[in-house]
Amino acid sequence: MDIEQKQAELIDHFVNQASTLKGSALGSLVAEATSHPSLFAFSEILAVPTLVELEETGNSVHLDVLRLFAHGTWSDFKRNDERLPQLSPEQTLKLKQLTVLTLAETNKVLPYDQLMQELDVTNVRELEDFLINECMYAGIVRGKLDQLRRCFEVQFAAGRDLRPGQLGTMIQTLSSWLATSDNLLVSIQDKIKWADTVSDLDRKHKKDVEDKVEEVKKSLSLKADIEFRGHEEVFSEPGGVMDYEEDRSRPKRRRHPIS
């Protein structure tokens, strides 16, 4: 079963459970959902009416925890740990995994120093073990560990839940990308038309040159034929060439000495 299908089944399970619970009973469900090793999306659970009703009540802390796992990072938890319940080891691991996904949203090359600071990891060996065993083996990221450059090169990262207001920004970004793509397509089509026009002109020019070459060939051939026929006529006329035997039989004149 792939990670997307597993996610969908888990989300349906927790959404159905949350719909049947109220008040403090939702606390255990939130803890279970945020501890599950295969669940990394929480927006659908956040939208369940019984959870929304926890806002501004004595049990709103459960809603805050769920929001932290939907949109926050390990650093966010440390900044607000006084008003949030202590996390279990499973929740801590999950939040650190989600932190890597958040960092990978904006940067495809993550320096080790940044990762160690964001994850509270003290050495490179511990960091690389975490990235390999808890992130890559879990299927939420793929990438390359570059020990020489001390960085993690991200090739793929699973997406997190959209933060409030992020949908509008995403739509604007996609609209801008679509407009740029349309302009690029028009430019490509114009270049194709230009290339076709140039190709047609080249073909026409080539044909014109070939036609002129043929005309020259025909002209030269005709001229050569005329000259050849002219020579034939000259040599075929009577008396045009003196007969050698006739010349031999003609008596030679003697030259008289000058006195």
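Leaving aside residues up to four places away in sequence, Thr99 touches Thr73, Trp74, Glu118, Leu119 and Arg160. The model is predicted. Thr99 lies in helix α7. Its relative accessible area is 1%, and Thr99 therefore counts as buried, the cut-off being under 20%. The side chain of Thr99 also reaches the backbone oxygen of Leu95, at 2.8 Å.

Helix α7, residues 89–106, is in turn one of the elements that cover the buried residues of helix α5. The cover of these residues also includes α2 (25–35), α3 (43–46), α4 (49–52) and α6 (74–79). Helix α5 itself comprises 12 residues, 60–71. From its first C-alpha to its last, α5 reaches 16 Å, close to the 16 Å expected at 1.5 Å a residue. The buried residues of α5 are Ser60, Leu63, Val65, Leu66, Leu68, Phe69, Ala70 and His71.

These helices belong to a protein chain with 11 helices and 3 strands. Along the sequence, the elements of the protein chain are arranged as α-α-α-α-α-α-α-β-α-α-β-β-α-α. The protein chain has 259 residues, of which 27% count as buried. Among contacts in the protein chain with a separation of 6 or more, 56% are accounted for by residues 24 or more positions apart.

Note on methods. Residues are numbered from 1 along each chain as its sequence is written. This is a predicted model: local features need pLDDT of at least 70, side-chain atom pairs count only at pLDDT 80 or more; totals for chains, interfaces and linings use all residues. Side-chain values use heavy atoms; hydrogens and water are left out. Helices (H or I, at least four residues) and strands (E, at least two) are DSSP runs, numbered from the N terminus. Buried means under 20% relative accessible area, exposed over 50%, partly exposed in between (1.4 Å probe, protein chains only). Contact means heavy atoms within 4.5 Å. The expected span of a helix is 1.5 Å times one less than its number of residues. A polar contact is a pair of N or O atoms within 3.5 Å; within protein, one must be able to donate a hydrogen and the other to accept it, and residues adjacent in sequence count only if both atoms are side-chain atoms.
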